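Me: I would like to learn how to read salt bridges and helix packing in a model such as this one. Could you take me through it step by step?

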Amino acid sequence: MTLSFGYWLLVYAAIAIIALIVLIARYRINPFIVITLVSIGLALLAGMPPSGVVGAYEAGVGKTLGHIALVVALGTMLGKMMAESGGAEQVARTLIDRFGEKNAHWAMVCIAFLVGLPLFFEVGFVLLVPIAFTVARRVGVSILMVGLPMVAGLSVVHALVPPHPAAMLAVQVYQASVGQTLLYAILIGIPTAIIAGPLYAKFIVPRIQLPADNPLERQFLEREPRDSLPGFGVTMATILLPVVLMLIGGWANLISTPGSGFNQFLLFIGNSVIALLLATLLSFWTLGLAQGFNRESILKFTNECLAPTASITLLVGAGGGLNRILVDAGVTNQIVSLADEFQLSPLLMGWLFAALMRIATGSATVAMTTASGIVAPVAVGLGYPHPELLVLATGAGSVIFSHVNDGGFWLIKEYFNMTVTQTFKTWTVLETLISVVAFGLTVGLSHLL
């Protein structure tokens with residue numbers, strides 16, 4: 001009887017995921033509303049007491065947002081300071097000068113990899129796309145030749161590399177080491193970005209004919225440039241400060257005696273929120289006051305940049321609520337027993353569940369949140385020894401097959417002036433390449449470890 005009910009739980013969970021896909025992709029209903037409705041419906045179907053359903057959902061939302069809202073807010077402020085000061089433009093100019101114009105597509109993937117670290121994909125894209133248009137015009141190539149490597153770099157960082165907020169969330173859920181995750185993410189992320197970015201761009205761009213006139217390109221290229229830009233070294237130091245602090249925090253027990261005052265200090269500054277807070281405060285000086293902005297301007301930048309993060313923050317919270325329902329309803333316990341019975345690899349589960357949620361919701365961050373919430377208890381139950389690799393496998397699954405329910409799909413289509421079919425051939429294939437290559441490399445690394 002228990003086994004039979006357990007299988008019914010899995011059927012209900014499958015119905016919930018199908019309902020998510022249909023309601024969001026087919027009927028275009030607000031994803032936050034859909035995830036909330038589906039979570040409550042699943043809880044009731046699974047036999048949870050009605051009086052406790054909303055409380056469980058709220059607890060899941062609150063636990064998730066308690067961490068991610070802080071990371072999102074601080075990362076967005078840091079990105080805004082980079083945009084307004086011209087720091088990102090300085091990084092781009094310097095790297096293009098070093099790489100040479102013929103290798104601009106390699107420069108763009110490097111820029112995106114670095115600049116995208118503290119930013120959500122959409123923020124990083126809007127920040128860097130004016131640079132991509134400028135580079136394409138200067139080098140005399142299609143915007144796709146520099147634009148696709150740029151979005152590949154941003155997407156790989158989004159999916160795999162701490163301190164990116166999405167990757168940090170999975171690190172937290174799986175209780176992985178930030179330092180080790182970062183090391184593995186760079187090992188896997190660099191070849192993945194190269195294959196999905198510059199190499200795929202070289203293959204697909206000659207096959208895509210864009211219209212001669214792009215209104216957005218004209219708008220960016222006719223902008224007045226800033227008279228003076230912050231130095232390359234200062235900008236890079238500001239961007240990479242949180243990465244360095246988190247690495248130090250991850251290695252605190254190797255650097256110092258566990259439990260000592262110095263050890264506690266290293267763990268404190270290596271916390272993702274503290275690291276991003278310190279970098280954001282530093283940016284107020286290096287990219288703000290030192291560049292001639294006054295305190296009123298900095299206050300204005302940091303206030304206005306938070307509004308666009310509201311919807312993604314709500315979606316992430318809803319994903320956390322759905323996680324809690326899946327756990328409390330007993331779905332995750334049933335998956336543990338099934339994984340044990342069929343000897344399923346937690347790595348494969350992390351990738352597969354994230355891929356399903358990505359296709360359903362269109363959000364890589366929600367996919368990572370939901371999938372890591374399902375797989376973490378399973379991995380603990382099976383005694384899986386490498387939580388860092390689970391972060392990477394889940395991240396890889398979370399970017400697969402971007403389509404019409406993903407805001408990024410329409411962002412790429414509109415900015416690069418493509419048809420829907422061309423966007424599928426370029427952006428959707430690129431995202432799927434990232435997913436498959438990163439997962440394959442993660443499995444390979446798991447065999448080595």
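Reply: Let us begin with accessibility: a residue is called buried under 20% relative accessible area, exposed over 50%, and partly exposed in between, using a 1.4 Å probe and protein chains only. This is a predicted model, in which local features need pLDDT of at least 70 and side-chain atom pairs count only at pLDDT 80 or more, while totals for chains, interfaces and linings use all residues. Residues are numbered from 1 along each chain as its sequence is written, and side-chain values use heavy atoms, with hydrogens and water left out.

Me: Is Glu-414 buried, partly exposed or exposed?

Reply: Glu-414 counts as partly exposed because its relative accessibility is 44%, whereas Lys-413, at 15%, counts as buried. These two residues form a salt bridge (a side-chain nitrogen of Lys or Arg within 4 Å of a carboxyl oxygen of Asp or Glu), and their closest N and O atoms are 3.1 Å apart. Salt bridges that share partners also join Lys-80, Glu-84, Lys-300 and Glu-304 into one network.

Me: How many salt bridges does the structure hold, and which parts of the chain does the pair Lys-80 and Glu-304 link?

Reply: The structure holds seven salt bridges. In one of them the side chains of Lys-80 and Glu-304 meet at 3.1 Å, N to O. That pair links distant parts of the chain, with Lys-80 in helix α3 (residues 50–85) and Glu-304 in helix α15 (residues 295–304), 224 residues apart; helices here are DSSP runs of H or I with at least four residues, numbered from the N terminus. Lys-80 counts as buried at 18% relative accessibility, and Glu-304 as partly exposed at 36%.

Me: What separates Asp-328 and Arg-324 in helix α16?

Reply: About one helical turn separates them, because they are four residues apart in helix α16. Asp-328 forms a salt bridge with Arg-324, with the closest N and O atoms 3.1 Å apart.

Me: How are two packed helices described?

Reply: They are described by the angle between their axes and the distance between the axes. Axes are lines fitted to C-alpha atoms, for helices over the stretch in contact, and angles run from 0 to 180 degrees between N-to-C directions. Here the axes of α2 (residues 31–45) and α16 (residues 310–328) come within 9 Å and cross at roughly 10°. The two helices are therefore roughly parallel to each other, a label for angles under 35 degrees.

Technical notes: Angles under 35 degrees count as roughly parallel, over 145 as roughly antiparallel, 65 to 115 as roughly perpendicular and the rest as oblique.
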